[in-house]
Amino acid sequence: MQTLQDLILRLSEFWARRGCVLQQPLDLEVGAGTMHPDTFLRVLGPEPWRVAYVQPSRRPADGRYGDNPFRLGKHLQFQVILKPSPADVQRLYVQSLAAIGLDLAVHDLRFEEDNWEAPTLGAWGVGWQVMLDGMEITQFTYFQQAGGLELRPVSAEITYGLERLTMFLGLSRSIYEVAWVDGLSYGQVRHQEEVELSRYYFEVADVAFAQQQFDGMERESVRCLDAGLVLPAYECALKCSHLFNVLDARGAVSVTERVGLMKRVRDLAVACARAYVESRERLGFPLLGAPAAAAPGAQAAGAPSAAPPEPPGSPESPGEGAAPPDAAAAP
Amino acid sequence: MARGEYLLEVRSEEIPARMLAAGVHELATRVFEELMARGLRASEIETGFTPRRLLVRLSGLQEREPDREEQVMGPPVRAAYAGDGSPTPALLGFARRCGVEPEQLLRVATEKGEYLAAARRTAGRPTATVLSELVPRILAAISWPKTMRWGAGEGPWVRPVHGLVSLLDGEVVPFELFGVAAGFLALDGRHDECRAIRPHGKRHQAFERLRVEPGEVRDRNRLRDVRRIQVVPAHPGAQILQWRGRCGATQCLRCARCMSRLGS
């Protein structure tokens, strides 16, 4: 049986072989891998970038005291960013599923329209939720805007839901039954944490203190920006975002306050995005022409396909040597 | 093979299901109408789609546009002749510019008086030339409810485009869209094996493939997404043409009621 950590190892290896920097999780509470600066900030500006990492993602309001077999207050995302999005990005994704042991000849894989939007980040993208036999296992997005800025080049974001994928592969009926490693279940590793975090976020968290922290972190973010420190400013903005989620889970945010608080977080994210692009520009966009992300060979490494596909037919090459029509139709 | 058959196939990443029927309908309708406006009339249209393919086939197209004749207006008659009736430099210059002899010029009555005019005959262009100019423009302008950009900033279109097949009687009608050159083959950028198709040859081959190609349409759900619409010649009451769906229902090409049924 495939364990959660097998899955992480195989995905890491797969994407590392395709030129991705294997990054580590951000050491702050975030709601999604997208908020990691290696996604949110790196997708801005012209520099190429390829990265993969696991990001523990906290959504306080999703906590269920460890009782719900499908929902967690903190789950694991495996995040991949490919910038610019390569033409064969869907094929790479399908290959990654084969690499973790999925036989797509017997499973139904579908790309259903699902456009992603993160109002607190001033970000949106177009893409799909990828359904495996009807269960969502991946969010696949082409980023169009982040921090209120139009993105050129466009990045492809692939976010695997690790718990769900492992559940699917192991035919588990509960997240907590998933094997983290042979002999140790996900529940044994994380159940107490889910119970306690749920209690904390729903019952115990000090609302007044969280509000003070939100105000303080907001001021600190602006102060950092004034001092020309983009990344610390962005970290403060992320803390604000998490504190907003805590207040929300605690039921301390009214409908009217909600809009105002979200706008305050978005304003910080937008300011950080602009400051980041300026800071990279001052450095001369140092990753432009960097070998790792630019090498086309990185894509092909380890790919089992024998011959590269022919370019779309041109008048000079009417498809000689390509698969004859009947071969294309053969099962 | 039937003469005057144009086959267009677009291979892209998964287009949202809610947009497919209307998108391929708009594509086929606009190509048909713009050809009509240039005197090229298809006798039959067929469309089809899967989440990653749009197909349009037009048949019965003429080889070239009809020749056009138009009048080029010149100087007023009163400025064209001197007092002694001899041609003025204005007349001679106009005739030279139009490439005709002075005596071939016509007289045209207008609200502002009588003018000289020259008849100019423009030879119709080959249908392939017309298509290679029309099709990329129409494809790029399909009014998708939501569009995106990809890669270095290609687009906007509903999803990234990977392959284009554009064939008139088996010959490539070349054009380029979003960095993809149209040709004999269409790749879909997804699978390991090179699943190129060569739709020229038998007439309905490309459409038959909608149902038989492995991987593309594998389960029953996707098979339901495939729709095949045929066009039959105009009948009284229909606007221009009528579509006949596989279900047997008929639909007018430009009728609001039928359009909404098509999208349902």
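Colleague: How many helices and strands does chain A have?
Modeller: This is a predicted model. In chain A, the secondary structure is made up of both types of element, 11 helices and 11 strands.

Colleague: What share of the residues in chain A is buried?
Modeller: Buried here means under 20% relative accessible area. Chain A has 331 residues, and the buried part of them comes to 52%.

Colleague: Which part of the accessible surface of chain A belongs to carbon and sulfur atoms?
Modeller: The accessible surface of chain A is about 14600 Å². Of this area, the part that belongs to carbon and sulfur atoms is 55%.

Colleague: What percentage of the contacts in chain A with a separation of 6 or more is between residues 24 or more positions apart?
Modeller: The count takes in contacts with a separation of 6 or more. Among these, residues 24 or more positions apart account for 68%.

Colleague: How are the planes of A:Phe111 and A:Trp128 arranged, stacked or edge-to-face?
Modeller: The search of the whole structure finds 18 aromatic pairs. One of them joins A:Phe111 and A:Trp128, with 5.3 Å centre to centre and 90° between the planes. Planes over 60 degrees apart count as edge-to-face, so the pair of A:Phe111 and A:Trp128 is edge-to-face.

Colleague: Which parts of chain A does the pair of A:Phe111 and A:Trp128 tie together?
Modeller: Both residues are buried. A:Phe111 lies in strand 4 (residues 109-113) and A:Trp128 in strand 6 (residues 123-132), so the pair ties together parts that are 17 residues apart in sequence. The parts are strand 4 and strand 6.

Colleague: Which residues form one aromatic cluster with A:Phe111 and A:Trp128?
Modeller: The cluster takes in A:Phe111 and A:Trp128 together with other Phe and Tyr residues.

Colleague: Which residues lie nearest the centre of the largest pocket?
Modeller: The largest pocket has a volume of about 1100 Å³ and is lined by 37 residues. Elements that give two or more residues to its lining include strand 3 (74-83), strand 7 (135-146) and helix 8 (255-282) of chain A. Nearest the centre lie A:Gly31, A:Ala32, A:Arg59, A:His75 and A:Gln77.

Colleague: Over the face of which residue does A:Arg42 lie?
Modeller: A:Arg42 is among the residues that line the second largest cavity, and A:Trp49 is another. That cavity has a volume of about 40 Å³. At 4.1 Å from the ring centre, A:Arg42 lies over the face of A:Trp49.

Definitions and conventions. Residues are numbered from 1 along each chain as its sequence is written. Chains are lettered from A and ligands numbered from 1 in the order in which they are written. This is a predicted model: local features need pLDDT of at least 70, side-chain atom pairs count only at pLDDT 80 or more; totals for chains, interfaces and linings use all residues. Side-chain values use heavy atoms; hydrogens and water are left out. Helices (H or I, at least four residues) and strands (E, at least two) are DSSP runs, numbered from the N terminus. Buried means under 20% relative accessible area, exposed over 50%, partly exposed in between (1.4 Å probe, protein chains only). Contact means heavy atoms within 4.5 Å. Accessible areas come from the Shrake-Rupley method with a 1.4 Å probe; for residues, only the protein chains shown count as cover. Rings of Phe, Tyr and Trp (its six-membered ring) pair if their centres lie within 6.5 Å; planes under 30 degrees apart count as stacked, over 60 as edge-to-face and the rest as tilted. A charge sits over a ring if NZ of Lys or CZ of Arg is within 6 Å of the ring centre and within 35 degrees of the ring normal. On a 1 Å grid over the protein atoms alone, a cavity is a set of points where a 1.4 Å probe fits but cannot get out, and a pocket is an open set with protein on both sides within 12 Å along at least five of seven lines; lining residues have an atom within 4 Å of a point. Grid points are joined across faces, edges and corners, and a volume is the space filled by probe spheres set on the points.
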